[in-house]
Amino acid sequence: MSQKISGVKGMNDILPGEVEIWQFVERTARELFARFGYGEVRTPMVEDTALFVRSVGEETDIVGKEMYTFEDKGGRSLSLRPEGTAPAARAYIEHSVVNQEPLTRWYYLGPMFRYERMKTGRYRQFHQIGAEAYGSREPAQDVELMDMVVQLLQKLGLTEVSLNINSLGDEACRPTYQAKLVEHLRGHAGELCGDCQRRLESNPLRVLDCKVERCQQIAQAAPSILESLCEPCRAHFDEVQRKLTALDIRFQVNPRIMRGLDYYTRTAFEFIAAHPALGTASTVGGGGRYDKLVKGLGGPDVPAVGFGLGLDRLCLLLKESGQKFAAPVDLFVAVADAGSSDVAFSLVSRLRREGLVVEFDTRGGSLKSQMKRADKTGARFALVLGEAERESGQAQLKPMAGGEPISVRLDEVARVVREAPSR
RNA sequence: GCGGCCAUAGCUCAACUGGUUAGAGCGCUGGACUGUGACUCCAGAGGUUACCGGUUCGAUCCCGGUUGGCCGCCCCA
């Protein structure tokens, strides 16, 4: 017996039985996003480390301590992507997409990597579905993306998710606000928790997020960023809300929504699930506008807005919902005597060619054990093939849920099964 | 990165303050029922009690370390 090797911490296997949930979410998202005119972009899982340092921000937790960074044999510093927006923007710039179309809509889907402490709904290899729209600075673009998420959640049957929105201002008004906030917080510096005293210097906006009661009280009394927005940001935010309302999308303005990544400007939003299964990992998706990102990465001055959804978390919620996602088995073919196995095997092959989902036990075995297997697979029908059927060309199609068997000719099986009412 | 809890069969859990062969339910396999699943009954397979070391006549149980998991903080998807 060789040494047992286990998977890497924080990186999970997804086995049949569970993978169907993932496929369902992915399939639903692809169909819906295509309907909105978004095309899939696939970028490598590894990028130049500098891409993330410049876009996500050197001071963020992600870049500061969570990236899987390594040197390749050519001495380049590479990193496993911790998020999807920066690689998409890099590809957008690299292929001069702006010169080919003024408005670009992309989505992506795949694994991301962050070296973090493991928790439910929080893994080191996790999966995101995200979308990006480049070229429009209009509020309608922000709302279109939120609408897309809302519709996706609806199609997935996840109704207990609420949309929170905020505006983070832009380079004109955010510094002003931050100064005002720091001034307010300094007045209560002694009362803040240890973390917040530190945040006062590193990232004062984060204090608004603190869960400590006293800090919350102080944050409550702090000036709101929404009161400090410059006129263009104010107008943008108002229009976003008006359009959401016009689409009948329920939302909540939440001045405490912040972003952990530096590139956000103006609109920020989060989709938060109420379900206890996620614990503190209740945010299933987040996004916002980043008008300076593309230019900041050396591209043209093109505005952008996008979101990322946590696939792992969506799947956890769906698992809790108890829905079944496996493709139903149409038919189980059982062999009654050894002399029939070749005929049965050919029949199975033909039925599969004709589009039926057919189960068959290649090991043979007793008829009883095959029928047990048929029951386990959840097959709608079972068909026993033996000497009598071979000679007559007729067989009994047995509905596993109960009811009278149907007598069919062997060359009619596919048609009869297909026409039978499901379940 | 900080604080707390936990680790026994594929899964969910037992094992009386440290005592002989570590049990049950579910699941899996076979049989009762030799051409028909489910319900019932019977039987079987499956464990280095996560790993390493220590204390002891004796450790699943006590102690230390490692690894993995859970909860809160932080952060986020």
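Two strands are taken to pair if DSSP finds at least two bridges between them; strands (E, at least two residues) and helices (H or I, at least four) are DSSP runs, numbered from the N terminus. In this predicted model, three strands form an open sheet in the order 2-4-3, with antiparallel pairing. Strand 2 (46-48) and strand 3 (69-71) are the edge strands, each pairing on one side only. From one strand to the next, the twist averages 40°, where axes are lines fitted to C-alpha atoms, for helices over the stretch in contact, and angles run from 0 to 180 degrees between N-to-C directions.

Strand 2 and strand 4 (residues 77-80) run antiparallel and are joined by three bridges. Opposite Asp48 stands Leu78 in strand 4.

A second open sheet has eight strands in the order 1-5-6-11-10-9-7-8, and its pairing is mixed. The edges are strand 1 (39-40) and strand 8 (252-253), each of which pairs on one side only. Strand 9 (residues 265-273) and strand 10 (residues 283-289) run antiparallel, joined by six bridges; Thr265 has Arg289 of strand 10 as its bridge partner.

Helix 4 (residues 85-94) packs on this sheet, touching strand 5 (104-113) and strand 6 (125-134), contact meaning heavy atoms within 4.5 Å. The direction of helix 4 makes about 45° with that of strand 6. Helix 5 (residues 139-156) lies across strand 5, strand 6, strand 7 (161-167), strand 9, strand 10 and strand 11 (304-310), and runs at about 20° to strand 11.

## Cavity

One cavity of 30 Å³ or more is found in a search of the whole structure. A cavity is a set of points, on a 1 Å grid over the protein atoms alone, where a 1.4 Å probe fits but cannot get out; lining residues have an atom within 4 Å of a point. Grid points are joined across faces, edges and corners, and a volume is the space filled by probe spheres set on the points.

The largest cavity holds about 40 Å³ of space. Its lining consists of Val41, Thr43, Arg81, Gly84, Pro87, Ala88, Tyr108 and Met112. Helix 4 and strand 5 are the elements that give two or more residues to this lining.

## Domains and confidence

Chain A is assigned domain 1 (19-173 + 229-321) and domain 2 (331-418), with bounds from an automatic or database domain assignment. Their centres, taken over C-alpha atoms, are separated by 49 Å.

The average pLDDT (the predictor's confidence in each residue, from 0 to 100) of chain A is 90, and 96% of the residues score at least 70. Confidence in chain A is lowest in helix 7 (residues 194-202), with a mean of 70, and highest in strand 1, at 98.

## Conventions

Residues are numbered from 1 along each chain as its sequence is written, while chains are lettered from A and ligands numbered from 1 in the order in which they are written. Local features need pLDDT of at least 70, side-chain atom pairs count only at pLDDT 80 or more, and totals for chains, interfaces and linings use all residues, whereas side-chain values use heavy atoms, with hydrogens and water left out.

Note on methods:
On a 1 Å grid over the protein atoms alone, a cavity is a set of points where a 1.4 Å probe fits but cannot get out, and a pocket is an open set with protein on both sides within 12 Å along at least five of seven lines; lining residues have an atom within 4 Å of a point.
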